[in-house]
Protein chains: 6
Amino acid sequence: MNAAVATSMLITETPEEGRELAIKLARSSIKALQPDAEVRKALRPVYANNASDLIAASQVIATEFATIAAANQYWRR
Amino acid sequence: MNAAVATSMLITETPEEGRELAIKLARSSIKALQPDAEVRKALRPVYANNASDLIAASQVIATEFATIAAANQYWRR
Amino acid sequence: MNAAVATSMLITETPEEGRELAIKLARSSIKALQPDAEVRKALRPVYANNASDLIAASQVIATEFATIAAANQYWRR
Amino acid sequence: MNAAVATSMLITETPEEGRELAIKLARSSIKALQPDAEVRKALRPVYANNASDLIAASQVIATEFATIAAANQYWRR
Amino acid sequence: MNAAVATSMLITETPEEGRELAIKLARSSIKALQPDAEVRKALRPVYANNASDLIAASQVIATEFATIAAANQYWRR
Amino acid sequence: MNAAVATSMLITETPEEGRELAIKLARSSIKALQPDAEVRKALRPVYANNASDLIAASQVIATEFATIAAANQYWRR
C-alpha cells in the first residue's frame, strides 16, 4: 500500500479492521469526554446492560464506520 | 463480479442482501459492546417490546445501510 | 429506464415513490428486529401517539430517504 | 431551469425554499406514521412546548435539508 | 466571489461563518416548529441548563454544518 | 501545504488532529448554546458521569469528524 496513505490512521486493510477502528474511535471519544478511567469503568456495567445505551453506542459506531469506509474507498482497491 | 471487490465484506449482490448485512453489522456492534451472550439474550425482550428502542435500532440499520449502499454504488452495476 | 438499473430495489421513478420506499425500508427494519406481528400491532398505538417516538421514526425515514435519493441521483435524469 | 429537473420534487430555486421543503418532508413523515389529523393536532402542543422534542424535530429537518441541498447541488448554479 | 454563488445563503467566506450559519439554521427550525417567541423564550432556560438537550442541539448544529461545509467545498478555494 | 487551504480551520495535518478538532467543534456548539461558563462547569459532572450523555456526545464528535475527514480528503495526500 502507498506509504503516505498507509500512515493515515483511517486506512485499514479490510472492512473488518475498519469496524474495529470505528469502535476504537467511538471509545476514544468517551475517553476524551471522561478522562477518569475509574469513572469509565463504573459506567461500563450501566450502559452494557441497558438496551437503549447499547443501541445509541452502536449508532456512534455506525457513524464512525461510515467515515472510515469512505476514507478507504469502501475497500474497492 | 471482480474477485478483488467480491472479497470485500461490504459488497453484496443486491440491495436486499445489503439490508441483511446492515442488520448484521448493527448486531455486531452490540456484540462488541456487550460480549456476554446471556446479557444480550436477556436484553432482547427489553428492546424488542419497546417502541423507542426499536426505532433507535432501525436508525442504526439505516445508517449502516447508507454505508453499504455507497460501497455497492447503489447496485447500479 | 435501463433494465439492469430498474431491477435495483432502490430505484424509483419519482421522489414521491422514494419517500414511500424510505418508509417501507424503515418498517422492514422494525419487522426484522421484532418478527412477531402481534407485538408490532400492540406497539403501534404506543409510538403513533407519542410525539418523541414519531419524531424519532421520522428521523429514520429521513436517513433512509437520503440513501434512496443518492441511489436515484436525486432523480436528476 | 431544465424542465425535466424542475419536475423533481426535490429541486427548489433557493436554499430558503429548500428549508421549507425539508420541513414539509419531515411533516409528511409524521403524517405517514400517524394519518389521524386529530391525533396529530393533539400532539402538536406536546412537542411544540417540549425542548427535547423540538430539538429532535430540528434534527430531522437538518437531515432532510442535507438531502435536498445535495439534490440541488447546493444551489451552486 | 462569483455573484451567482454569493447569493446562495449557504455560501460563507470562512468555516467560522459556516458554524454561525449552522447555528442560525438550527434555530430557524425551532422557530418554524414553534413560532411563538414567548414559548421559545420560556424553553430557553430548560434546554440551556440540561446537558442532554445541549448535546442533542449540538448534534443538530453538527448536521447542519456538514451540509454547509459540503456546500462550500470545505472552503478549499 | 497550500497556504490558502491551510488557512481553512477544517484542515489538519493528521486524522488525530482531526479528532481533536471534532471535539473542539462539538464543545464550541455547547458554548454557543450556553455562553455562561459557570453553567457549563456545573453541567460537566452531570454529563461526564452519565453513560447516555457521554454516548450522545460521542455521536456529535463522530458527526463533526465525518465533516472534517471529508474536508481533509481523508488525509489521502
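Start with Asp53 of chain C. Asp53(C) sits in helix α4, which covers residues 51–71 of chain C. Keep in mind that this is a predicted model.

Is Asp53(C) buried or exposed? Buried, because its relative accessible area is 6%, and the cut-off for buried is under 20%.

So what does Asp53(C) touch? Set aside the neighbours within four places in sequence. That leaves Ala51(B), Ser52(B) and Ile55(B) on chain B, plus Val46(C) and Tyr47(C) on chain C. One of those partners deserves a second look. The side chains of Asp53(C) and Ser52(B) make a polar contact of 2.6 Å.

Next stop, Ser29 of chain E. Ser29(E) belongs to helix α2 of chain E, residues 15–33. Its relative accessible area is 1%, so Ser29(E) counts as buried. Which residues does Ser29(E) contact, leaving aside neighbours within four places in sequence? Arg19(D), Ser58(D) and Ile61(D) from chain D, and Glu64(E) from chain E.

Now a whole chain. Take chain A. How many helices and strands does chain A have? Four helices, zero strands. Along the sequence the pattern reads α-α-α-α. Chain A has 77 residues, and 53% of them count as buried.

Look at the contacts in chain A with a separation of 6 or more. Of these, 59% link residues 24 or more positions apart. As for surface, chain A has an accessible area of about 3400 Å². Carbon and sulfur atoms hold 57% of that.

Last topic: chain F against chain A. Here 27 residues of chain F contact 28 residues of chain A. Interface size is often given as the accessible area lost when the parts come together. For chain F and chain A, the buried area is about 2300 Å². Of that, 65% is on carbon and sulfur atoms.

How many salt bridges are there between chain F and chain A? One. Arg19(F) pairs with Glu64(A), and their closest N and O atoms are 2.8 Å apart. Polar contacts between chain F and chain A come to nine residue pairs, both residues at pLDDT 80 or more.

Which helices of chain F supply the side that touches chain A? α2 (15–33), α3 (37–48) and α4 (51–71) each give at least two residues. The largest share comes from α4(F), with 13 residues. By class, that side of chain F has 15 nonpolar, six polar and six charged residues.

Conventions
Residues are numbered from 1 along each chain as its sequence is written. Chains are lettered from A and ligands numbered from 1 in the order in which they are written. This is a predicted model: local features need pLDDT of at least 70, side-chain atom pairs count only at pLDDT 80 or more; totals for chains, interfaces and linings use all residues. Side-chain values use heavy atoms; hydrogens and water are left out. Buried means under 20% relative accessible area, exposed over 50%, partly exposed in between (1.4 Å probe, protein chains only). Contact means heavy atoms within 4.5 Å. A polar contact is a pair of N or O atoms within 3.5 Å; within protein, one must be able to donate a hydrogen and the other to accept it, and residues adjacent in sequence count only if both atoms are side-chain atoms. Accessible areas come from the Shrake-Rupley method with a 1.4 Å probe; for residues, only the protein chains shown count as cover. Buried area is the accessible area (1.4 Å probe) that two parts lose on being put together, summed over both. A salt bridge is a side-chain nitrogen of Lys or Arg within 4 Å of a carboxyl oxygen of Asp or Glu. Ala, Val, Leu, Ile, Met, Phe, Trp, Tyr, Cys and Pro count as nonpolar, Asp, Glu, Lys and Arg as charged, and the others, Gly among them, as polar.
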